Amino acid sequence: IILGKVCHGEQKIFFPDLKNRRKGLSGPGEKAGIITQTENTINQGKNMKKKLRLSRKTQKIILGICIAAMVLLGAGLFAYIQISDNGTLGRGISIYGLDVSKLNAEEAEQKILRTFLDREVVFQEDGEEVFRTNLKELGYSLDEEILKNSLQKLQVKRASNRRIFAVKEDYEIMYQVTKNETQEKNILVAGNFGGKERSASKDAYISYDEGKQEFVLVKEVQGNQIDEARLLTCVDQTLDNAILQEPLGGQVDITIGTEVYQQPVTAESQDMQAKLTSLNQQLSNYRNASVTYTFGETTEVLGSDVISSWIKVEGETISIDQAAAEEYVSNLAATYNTIYVPRTFHTSYGNDVTVSSNEYGFQIDQEAELAQLLKDIQSGKPVTRDPIYSISGMKRNGKDDLAGSYIEVSLDNQHLWLYKDGALITETDIVSGAPTPERETYRGAWPIAYKASPYTLTSDVYGYTTHVTYWMPFVYGQGLHDASWQSAFGGNRYKTGAGSHGCINLPKDQAAVIYNTIDGGYPIIIY
């Protein structure tokens with residue numbers, strides 16, 4: 001600025017000659033000093049202009065160099081892009097988070113396969129690592145054909161859309177997981193899972209409590225024995241989820257615990273609760289059951305106290321002491337059976353007689369009665385009924401199976417009595433069979449088999465055919481009937497030629513009374 005001002009003469013600045021000033025001189029010498037200084041200043045300005053002109057040239061050179069460098073850089077970048085992208089998946093690309101930049105489809109496939117197969121699977125139990133493996137050892141893999149096709153399609157897609165400046169992109173591609181289940185099972189079964197000592201689970205069970213007199217549930221015990229099927233299910237579910245969420249992710253942790261152990265039957269299970277209820281209900285039924293047997297107006301009670309003493313509990317099984325029940329039925333039959341045993345009979349003469357051929361009366365069917373008794377006990381209800389008979393008489397009252405209704409015949413006295421409900425209906429003399437082995441009337445007790453009117457009597461043995469009005473057979477072809485050919489009844493006529501072939505001959509009017517009073521099954525006692 002000063003130089004510019006001096007050159008244009010706008011201002012004069014005097015710089016005295018320093019020598020003369022030191023000597024105390026002034027005048028022209030000072031002027032000369034001014035001129036000299038001005039010339040020097042002008043020369044300096046010229047030199048500076050030259051320097052400025054040189055700087056601009058330099059700038060142009062530098063600019064040229066920069067432009068050339070930019071061109072070279074762009075060319076280099078283009079060449080880099082071409083080299084990096086040509087035949088590869090390109091730059092800045094990842095698949096499911098795995099960087100596959102600058103890799104072609106085949107290279108990317110191998111990297112993906114390695115990453116997938118080497119993915120570690122770590123098993124934890126009780127907070128500790130107990131087993132370590134990887135997907136490859138577990139039999140997992142990727143379908144290489146599907147993976148290769150997916151990567152090739154992606155490579156073609158990206159090749160048609162190249163960018164100078166790469167943008168990071170993560171892709172999801174089609175893949176398919178394959179699994180060798182046998183290999184997976186073998187590796188898991190072979191794994192010792194920490195070498196722990198393992199115990200089996202114990203199911204809940206039902207036990208009879210003597211103190212409570214009922215069944216109770218004993219709780220289950222959960223062991224740590226591994227259930228192979230449950231372990232496989234747990235591993236499959238965990239790995240499937242992990243692979244689905246992150247196909248190429250990191251380590252997969254699997255925690256094993258109760259869910260993969262052998263599962264005991266629990267006390268809370270519906271089956272156990274139902275079983276407990278059923279057993280206690282059965283106990284209650286047995287203890288509440290009673291059976292009242294009726295024998296006409298006489299009863300025999302099998303009480304719940306006796307039945308309770310028959311109850312046998314073995315584990316979860318309730319039963320009735322079969323031997324005790326059989327013994328009871330046997331004693332019942334011995335007491336109340338009246339057939340096929342010698343019969344003691346109180347006659348109309350006031351004395352007692354015993355007949356051995358006794359085919360009238362009641363016989364309990366012990367096998368059928370035992371089966372019915374057990375059903376009655378299981379029902380848990382009081383039951384009143386007749387015993388089950390294999391043979392039944394007409395009527396009974398306790399051990400008395402005649403109950404005042406019977407036909408009485410005295411062969412020695414040739415006399416007959418008809419009783420009904422304890423009342424004498426009629427009595428009459430008779431003519432019985434002749435007292436010879438072939439023609440005598442059988443002694444004993446039988447039911448009247450049936451009755452018929454009229455009826456024709458025939459015998460191939462004795463060669464006769466006889467018509468009667470009233471026929472009432474009792475045993476072996478012998479029966480009661482009217483006998484119009486008899487001129488009299490009673491006395492010793494049966495010992496003479498008037499004796500029958502075994503039948504009991506009656507006056508017709510008496511035969512009619514008897515016929516109209518009785519039915520089939522009516523007892524007759526002949527002594």
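What follows is a chat about a few spots in this predicted model.

Colleague: Let's start with serine 432. Is it buried or exposed?

Modeller: Serine 432 sits in the loop between strand E22 (423-429) and strand E23 (444-447). Its relative accessible area is 2%. The cut-off for buried is under 20%, so serine 432 counts as buried.

Colleague: And which side chain does the serine 432 side chain make a polar contact with?

Modeller: Skipping neighbours within four places in sequence, serine 432 is in contact with several residues, including Leu411, Thr441, Tyr494 and Cys503. Gln414 is on that list too. The polar contact between side chains, at 2.7 Å, is with glutamine 414.

Colleague: Now the aromatics. Are the rings of phenylalanine 345 and tyrosine 527 stacked, edge-to-face or tilted?

Modeller: A search of the whole structure turns up 17 aromatic pairs. In this one, the ring centres are 6.1 Å apart and the planes make 45 degrees. Stacked needs under 30 degrees and edge-to-face over 60, so the phenylalanine 345 and tyrosine 527 pair is tilted.

Colleague: How many residues apart are those two in the chain?

Modeller: Phenylalanine 345 belongs to strand E15 (residues 343-346), and tyrosine 527 is in the segment after strand E29 (523-526). Phenylalanine 345 is buried at 4% relative accessible area, and tyrosine 527 is buried at 12%. The pair links distant parts of the chain, 182 residues apart.

Colleague: Which residues do ring pairs link into a cluster with Phe345?

Modeller: Tyr527 is one of them, and its tilted pairing with phenylalanine 345 came up above.

Colleague: Which ring does arginine 396 lie over?

Modeller: There are charges over rings here, and lysine 451 over the face of tyrosine 515, at 4.8 Å from the ring centre, is one of them. For arginine 396, the distance to the ring centre is 4.6 Å. The ring under arginine 396 is that of phenylalanine 362.

How values were computed
Residues numbered from 1 in each chain as written. Predicted model: local features only at pLDDT ≥ 70, side-chain atom pairs only at ≥ 80, totals over all residues. Heavy atoms only, no water. Helix = DSSP H or I, 4+ residues; strand = E, 2+ residues; numbered from the N terminus. Buried < 20%, exposed > 50% of the residue type's maximum accessible area, 1.4 Å probe, protein only. Polar contact = N/O pair within 3.5 Å; in protein donor to acceptor, adjacent residues only side chain to side chain. Contact = heavy atoms within 4.5 Å. Phe/Tyr/Trp six-rings, centres within 6.5 Å; stacked < 30°, edge-to-face > 60°. Lys NZ or Arg CZ within 6 Å of the ring centre and 35° of its normal.
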